[in-house]
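Colleague: Could you give me a close look at the helix packing in this model, please? I would like to follow the pairs one by one, down to the residues that meet.

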Amino acid sequence: MPSQKQEFSFPGQTAEQLLLFAYGTFLELGWTPKYAGPHAIVGYTPRSWKKYDDEILVEANGEIMSVTSNLVHNETFDVTGKNKKHISDFMEAFEKVRSSGPKPGWATAIENLRTQTVQTVNEEAKQAEEIDKVMKRSGTNLYVTYGIITINVVVFILMAIDGAGIFGVNAMVHIDWGSNYSTLTLSGDWWRLITSVFIHFGIFHLVMNTYALYMAGVYLEPMLGKTKYVAAYLATGVFASLASLWWHSEGVNSAGASGAIFGLYGVFLALLFTNLIPKQTRSSLLQSIGVFVVFNLIYGTTAGVDNAAHIGGLVSGLIIGFVFYPLLKKEDDGAKSNFALLAIIAGAVLSAWMYLNSPENKIGEERREAEINYLKDAKFPDGEKFYEKYKEYVQSDEKIVKMFNDGIDGYKDWLTVNEENIKLEFDKATSVVAAMKSYNVSESAKKDIDLLDQLLDARKEQVLIIKQLVQENNTANKLKLAEIRDKQSEILAELNKKDN
């Protein structure tokens with residue numbers, strides 16, 4: 001807090017006279033005298049939309065008067081020299097007031113300020129005592145919050161060493177470490193609902209969540225106590241993971257502490273909606289927490305942010321907060337708290353069990369095995385590139401099949417309409433297969449490439465047979481056409497067997 005202090009000597013003047021002149025100086029400048037003590041007056045400069053109000057402290061001790069100017073709004077430096085100017089302005093007006101003498105009523109006004117100051121101090125002390133009683137911020141620590149942050153950081157470092165990336169993201173490493181990957185979570189890896197809460201996608205993701213967690217923990221860990229705090233964090237983390245699975249029905253690979261952190265803010269909001277915390281403090285906290293939540297929910301609508309997890313955590317946190325309220329309002333013998341904690345944990349576990357085992361959601365062993373094989377293949381240096389090319393091949397092949405089945409009667413007419421277009425798709429597919437053959441991929445992927453090459457050759461051969469049928473429409477050529485179609489079906493069946 002930047003400040004500047006200067007002392008001035010006024011021989012023959014008493015401390016009370018100097019305070020009278022100081023009071024008049026505040027009025028002369030249009031500054032507001034707000035507090036007063038036996039030997040001091042505190043006032044504030046005017047505040048407007050473009051500048052803060054600054055604090056001016058005047059102290060009198062015998063013939064010596066000191067003037068201190070303070071910038072009290074989290075400024076780091078007094079770049080423009082405001083403190084020096086405030087003191088200069090004050091002393092210039094002070095000399096003018098001193099030369100004209102004190103006015104009637106100033107002494108009474110100072111006494112009234114002193115009385116009000118004593119009342120304000122007493123009220124603030126009482127309110128601070130009430131706040132401390134509820135929020136338990138004195139004599140407490142944040143060991144659990146620091147512990148969670150430490151776990152997140154250590155996991156991040158270990159994952160980075162394992163190749164997860166610091167700024168970029170290697171999704172395969174995140175899956176290995178326990179991210180909420182739909183296919184695996186819904187086919188038996190229930191623990192991913194929890195482990196994903198301690199995993200982050202990049203340093204920025206970790207830093208933002210660490211800051212948000214600390215800001216929530218400063219208030220909530222002392223208020224709730226460590227057991228309730230941990231229960232709320234883990235339970236809302238589970239509900240956030242479930243919400244993510246539910247919303248992203250097409251599949252998701254999610255991770256991060258933000259769902260559980262939104263859960264903590266939900267708990268905090270629920271308590272702020274009650275009369276547990278004194279009104280003045282409650283209003284300011286409700287405003288700041290509300291702004292944080294709304295801003296992050298709006299930001300969460302951007303691509304790459306799992307807003308479903310945020311909302312799931314927030315809503316479950318609100319419910320848990322209202323469950324905690326009566327326990328925090330009155331001291332209990334522990335039995336009610338234990339029952340509430342048991343209910344919260346049981347609710348999270350039961351919800352997870354019901355969702356994961358629902359026939360609509362549960363994934364069978366065959367699909368799980370296929371997904372695991374896919375993940376193994378994707379870990380090879382060119383694994384991800386292989387699957388991207390695979391998709392390109394499938395797109396071309398679908399167009400080829402569509403042209404084969406376009407319903408045109410007559411082989412000649414079919415060639416007239418489709419020969420040029422089908423050649424373009426053959427060229428694309430040929431280029432894709434050639435690229436895939438150069439990739440460093442698993443043996444399983446290499447077999448897929450070989451099958452795709454065989455399928456492409458069979459498709460090309462079908463066109464050649466159709467050309468032969470245009471020249472000579474006989475039984476032998478028709479038999480060849482049927483045989484090549486059967487061969488294509490066999491190759492597709494082999495590919496589907498491997499994929500499933």
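Modeller: Contact here means heavy atoms within 4.5 Å. This is a predicted model, in which local features need pLDDT of at least 70 and side-chain atom pairs count only at pLDDT 80 or more, while totals for chains, interfaces and linings use all residues. Residues are numbered from 1 along each chain as its sequence is written, and side-chain values use heavy atoms, with hydrogens and water left out.

The crossing of H15 and H17 is left-handed (the near helix is turned anticlockwise from the far one by less than a right angle; clockwise is right-handed). From H15, the residues in contact are Phe386, Tyr390, Tyr393, Asp397, Ile400, Val401 and Phe404. Facing them in H17 are Ala445, Asp448, Ile449, Leu452, Leu455, Leu456, Arg459, Gln462, Val463 and Ile466. By class, this contact has 13 nonpolar, one polar and three charged residues (Ala, Val, Leu, Ile, Met, Phe, Trp, Tyr, Cys and Pro count as nonpolar, Asp, Glu, Lys and Arg as charged, the others as polar).

Next come helix H4 (residues 143–161) and H8, whose axes come within 9 Å and cross at roughly 170°. H4 is therefore roughly antiparallel to H8. On the H4 side, the contact is made by Tyr143, Val144, Thr145, Tyr146, Ile148, Ile149, Asn152, Val153 and Phe156. H8 supplies Ile203, Leu206, Thr210, Leu213, Tyr214, Gly217 and Glu221. Eleven of the residues in this contact are nonpolar, four polar and one charged.

Finally, helix H1 (residues 15–29) packs against helix H2 (residues 82–100) at an angle of about 115°, with their axes 8 Å apart. H1 is therefore roughly perpendicular to H2. The crossing of H1 and H2 is right-handed. H1 brings Leu18, Phe21, Ala22, Gly24, Thr25, Phe26, Glu28 and Leu29 to the contact, and H2 brings Asp89, Phe90, Ala93, Phe94, Lys96, Val97 and Arg98. Together these residues divide into nine nonpolar, two polar and four charged.

Key: Axes are lines fitted to C-alpha atoms, for helices over the stretch in contact, and angles run from 0 to 180 degrees between N-to-C directions. Helices (H or I, at least four residues) and strands (E, at least two) are DSSP runs, numbered from the N terminus. Angles under 35 degrees count as roughly parallel, over 145 as roughly antiparallel, 65 to 115 as roughly perpendicular and the rest as oblique.
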